[in-house]
Amino acid sequence: MIDWNKYKITENLKTVLKELDIEQKDEISNMFEYYLTEFRKIPINDSSVLHNPVNETIKETIDISGDKISCSRGCSFCCHLDVTVSELEADSINKKIEENNINIDLERLNRQSTVKNYSELKYQDRRCVFLDESDSCKIYEDRPISCRKLLVTSDPDLCNTAKYTKQPVKGLLNIETEAMVSASMNIGKSGRLSTMILNETKIKTNNYDT
Ligand code: SF4
């Protein structure tokens, strides 16, 4: 079995691992190592190769559960959370920003990057810089796995962190997806979305609108 202390893994996977027996932990270890090997083969700037198997696993999770997902277009409460992104995904997003000349609120991005605890930010400052005026994601096709994997089954209003500080949200959790996200976090760097995006030279030098 692998030594999990050597790797970055999601909080969900950490929680699940505490509850499993040795055989089940072994299974997760193998799954994680498989995705780690596969994701290392992905060329830079092409996160679709990472996202395709994730999308399939997410679809299977929904089909098997039979639950109704309450997330819908224009519901953006989860776009006010602290999102983790892999270097591979950040590279693809930065490429999309350049190609589509996407405007970013640079001041807000900096505030998001520098705060230690994301929940200390005002609600408006927690808003992802990629949300447009109609609360749709400007980089939807390239959004990180951390955004894709959120599958809420409870009332969407409960996701409003401006209203509820203790999250009473219910959702679907898939261990394979958590293993995938965790593996992606160990391919190059990974970190908070704002920080990873700010690492892009052109944004640092203010080439984008604020
Ligand atoms: S990248 Fe898109 S989906 Fe993810 S938090 Fe930002 S606006 Fe929401």
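Isoleucine 145 first. Isoleucine 145 sits in helix α7, residues 145-148. Helices here are DSSP runs of H or I, at least four residues, numbered from the N terminus. Isoleucine 145 counts as buried because it has 27 C-beta neighbours inside 10 Å. The cut-offs: 20 or more other C-beta atoms within 10 Å is buried, 12 or fewer is exposed, and in between is partly exposed, with C-beta atoms placed from the backbone.

A word on the source. This is a predicted model, where local features need pLDDT of at least 70, side-chain atom pairs count only at pLDDT 80 or more, and totals for chains, interfaces and linings use all residues. Residues are numbered from 1 along each chain as its sequence is written.

What does isoleucine 145 touch, leaving aside neighbours within four places in sequence? His51, Val54, Met180, Val181 and Ser184. Contact means that the two C-beta atoms, placed from the backbone, lie within 7 Å. Glycine 74 is another matter: 71 residues from isoleucine 145 along the chain, with 19 Å between the C-alpha atoms.

Start with α3, residues 48-65. α3 and α8 pack at about 160°, with axes 9 Å apart. Those axes are lines fitted to C-alpha atoms, for helices over the stretch in contact, and angles run from 0 to 180 degrees between N-to-C directions. The angle therefore makes α3 roughly antiparallel to α8. The classes are these: under 35 degrees is roughly parallel, over 145 roughly antiparallel, 65 to 115 roughly perpendicular, and the rest oblique. α3 crosses α8 in a left-handed way. Left-handed means the near helix is turned anticlockwise from the far one by less than a right angle; right-handed means clockwise. On the α3 side, the contact uses Leu50, Pro53, Val54, Thr57, Ile58 and Thr61. On the α8 side, Glu176, Thr177, Met180 and Ser184 take part. By class, that contact has 5 nonpolar, 4 polar and 1 charged. Nonpolar covers Ala, Val, Leu, Ile, Met, Phe, Trp, Tyr, Cys and Pro; charged covers Asp, Glu, Lys and Arg; the others, Gly among them, are polar.

Next, α2, residues 22-40. The axes of α2 and α8 come within 9 Å and cross at roughly 45°. α2 and α8 are therefore oblique to each other. Their crossing is right-handed. α2 brings Ile28, Met31, Phe32, Tyr35, Leu36 and Phe39. α8 brings Ile175, Glu176, Ala179, Met180, Ser182, Ala183 and Ser184.

Then α1, residues 11-19, against α8, residues 175-184. They pack at about 125°, axes 9 Å apart. So α1 is oblique to α8. The crossing of α1 and α8 is left-handed. Asn12, Leu13 and Val16 of α1 meet Ile175, Glu178, Ala179 and Ser182 of α8. Here we have 4 nonpolar, 2 polar and 1 charged.

On to the ligand. Which residues surround the ligand? Cys79, Val83, Cys128, Phe130, Leu131, Cys137, Ile139, Arg143 and Cys147. To be listed, a residue needs its C-beta atom, placed from the backbone, within 6 Å of the molecule. The shell has 8 nonpolar residues, no polar ones and 1 charged.

Now the loop between α6 and α7. Valine 129 lies in that loop, with α6 spanning 123-126. Buried or exposed, valine 129? Buried, because 22 other C-beta atoms lie within 10 Å. Beyond neighbours within four places in sequence, valine 129 contacts Ile104, Asp105, Arg108 and Leu109. Take arginine 108: 21 residues from valine 129 along the chain, yet 7.3 Å between C-alpha atoms.

Aspartate 135 is in the loop between α6 and α7 too. Aspartate 135 is partly exposed, with 13 other C-beta atoms within 10 Å. Its phi is positive, about 60°, although it is not a glycine.

Glutamate 141 is found in the loop between α6 and α7 as well. Glutamate 141 is exposed, with 10 other C-beta atoms within 10 Å. Glutamate 141 and histidine 51 are 90 residues apart in sequence, but 9.2 Å apart in space, C-alpha to C-alpha.

Last stop, asparagine 101. Asparagine 101 sits in the loop between α4 (87-100) and α5 (106-114). Its phi is near 50°, a positive value in a residue other than glycine. With 9 C-beta neighbours inside 10 Å, asparagine 101 counts as exposed.

Key:
Helix = DSSP H or I, 4+ residues; strand = E, 2+ residues; numbered from the N terminus.
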